[in-house]
Amino acid sequence: LTDTDHPITMATVQSVGEGRHRESGQGRRHLARNIAIPILLLASNYCALTESFTVPVHCINHGAKHRGLARQLPPSTARSSTTITTLSASTIATTTSSTAAGAGTRMPINENHQGLTLVNSDPDVYVIREFLPPASCDDLVARARTKGTERSPVAYAGWTSDIKDLLGLAASGPVSWGAILGAWYEARDDGDGASVLGLVLHALRNYVGLFAFALVGIAAFTKVRADGLRDLRTSSSTTLDDLSQLGARDFVTRASELFGDPASSSSSSLPHPASYFEAPTVIRYEEGQVLAPHYDANRSADVEDANRGGQTLSTLIVYLNDVAYGGTTKFGKLPPSPNTDSQVEGSVNLEIVPRKGDALLFFPADARGRFDERTEHEGCPAVDEKWIARIWRHAARVNPPFGLDDSLIEDHL
C-alpha cells in the first residue's frame, strides 16, 4: 500500500503507531472525500454493468396483416419501452464482451441448397423457400399436439459471467472500502495498544464478513433475475426426437443436407451432421404470445452449454403454418431486405413473415464460437396462431437427452 493509493489506511497506521487519534475538521473532510470518491466510481461502474444487461423491446408490428405479397403495418403503432435481458441458446443471456466487430466468418453450409435466398449479408441471414413440404409441416404440428406442449423453458444463460462480474465489482468496491473503513474505526477504539497487525486483522475480518454478505446479495439478485426472465417468453413447446416419424425425420434430413453432406460422413469417420443438432423443438404461439428480443448464442457457452454441444453456431427455423396476422420474426439491428417477398413492407428492420414450409437460417456466432450481437431477434406478438419448428446446430456433438440418439440417426437418416 502507498499513501497515494490509500491515504486513509496510511494515516491510520501512522496514527496507531504514534498513539494519537486525529479527529480534526480537516481529517473528517479527508475521510468524507475518500469515502465519496470510491462510492461515485462504484456507482458509475454498476450503472455501466447493469446497462449492458438490458436491451429494448422494439417489435412494433403487433397487428400487421399479411395478404399474399402485400405486407403492411397498421396505421398506428407504439414502441414498447420495456427492457429485457437476452435469450441465449435455449436460454436468456446477456452480452458485454462480445461485439459484432469480434465476429468472424460463419460456419459453412451447402450454398447450393434449393430455395436458399440471402436476405442480409454480414451477418448472413437466409430465407429458404419450401424447405419442408406441407405434409411434413402438418405432421410436426399433429405430433406436437398429441404429445402436448408446455410453457417454453427459459434459463439464465451467461449467469456465470454475470456473477463473476458482480463479485469482481463488489470485491474491488464496497467490500474493500467497507473493510478498510471498519478497521479504521475499530482501531481507533484500541487506544495506545493499537498496532499495524491489529489493523490488518480488523480489515481481514471485516472483508470476509462483507464478502459473504455480498455473496448472499448476488445470489438473491441472480435468482430474482432468472425468475423475471420467464415472463419474456410466453410460448409453449415440446421436443420431437423420434426420427421414425415423417415430420421429424424430414426436418432433420433436410437440415443435414443444408449443414453438411450426410453421404460423406457415412463413408468416413466424421460424425453425421445431425450429431451436432439439438433435437427438433416445435413451438406454438397463441394470440398475444411473444418471444422478446434475444440472442441464440451464449457468451458463456463453454461452461454453461458444455453438455449440449457448446456454442450455438446456427439457428434453423421452419414455419409450419401460414400466419395472416402478427407473429413475424424481426431482427432489430438489421435493415429491411429488398431480396425477398417475405419482408414486411414498411418495417425499418429485417422482418420476416411466417409462411408455411419456408425456413429462416442465421448464425448467432461465427465458426469459432464468437458471439455476434447483430443477430438479436424476436418473435413478434401473435394474433393468429403460429407454429414453428427449430433446430440449433452446435459447435460440438450434442448427446442425448438434448441431442439425437446415434442409433436413430443410423437407422432413419
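Against which strands and which helix do the buried residues of helix 3 pack? What we have on the screen is a predicted model, in which local features need pLDDT of at least 70 and side-chain atom pairs count only at pLDDT 80 or more, while totals for chains, interfaces and linings use all residues. Residues are numbered from 1 along each chain as its sequence is written, and side-chain values use heavy atoms, with hydrogens and water left out.

First, the overall picture. The protein chain has 10 helices and 19 strands, where helices (H or I, at least four residues) and strands (E, at least two) are DSSP runs numbered from the N terminus. Of its 413 residues, 49% count as buried, buried being under 20% relative accessible area, exposed over 50% and partly exposed in between, with a 1.4 Å probe and protein chains only. Among the contacts in the chain with a separation of 6 or more, 81% are made by residues 24 or more positions apart, a contact being heavy atoms within 4.5 Å.

Now to the opening question. The buried residues of helix 3 pack against strand 11 (236-239), helix 7, strand 12 (281-285), strand 14 and strand 19 (386-394), and the residues of helix 3 that are buried are S136, C137, D139, L140, V141 and A144. After helix 3 comes G148, with a positive phi near 95 degrees.

Helix 7, residues 246-259, also has 14 residues and reaches 20 Å from its first C-alpha to its last, close to the 20 Å expected. Its buried residues are G247, A248, D250, F251, V252, A255, S256, L258 and F259.

How do helix 3 and helix 7 cross, and within what distance do their axes come? The axes come within 7 Å and cross at roughly 120 degrees, the axes being lines fitted to C-alpha atoms, for helices over the stretch in contact, with angles that run from 0 to 180 degrees between N-to-C directions. The two helices are therefore oblique to each other, given that angles under 35 degrees count as roughly parallel, over 145 as roughly antiparallel, 65 to 115 as roughly perpendicular and the rest as oblique. In residue terms, A135, S136, D139 and L140 in helix 3 meet L246, G247, A248 and D250 in helix 7.

Let me turn to two serines. S314 lies in strand 14, residues 312-319, and is buried, with a relative accessible area of 0%. Leaving aside its neighbours within four places in sequence, S314 is in contact with residues including M107, F259, F362 and W392, and a polar atom of its side chain lies 3.2 Å from the backbone oxygen of F362. S347, by comparison, lies in the loop between strand 15 (329-331) and strand 16 (350-352), yet it counts as buried at 7% relative accessibility. The side chain of S347 makes a polar contact, at 2.7 Å, with the side chain of E351, a polar contact being a pair of N or O atoms within 3.5 Å, of which, within protein, one must be able to donate a hydrogen and the other to accept it, and residues adjacent in sequence count only if both atoms are side-chain atoms.

Finally, some backbone details. Most residues other than glycine have a negative phi, and most peptide bonds are trans. D122, in the loop between strand 7 and strand 8, has a positive phi of about 60 degrees although it is not a glycine, and D122 is exposed at 55% relative accessible area. The peptide bond from D122 to P123 is cis, with omega near 5 degrees. Another cis peptide bond joins P400 and P401, with omega about 10 degrees. E130, in the loop between strand 8 and helix 3, has a positive phi near 50 degrees and is exposed, at 65%.

How values were computed. The expected span of a helix is 1.5 Å times one less than its number of residues.
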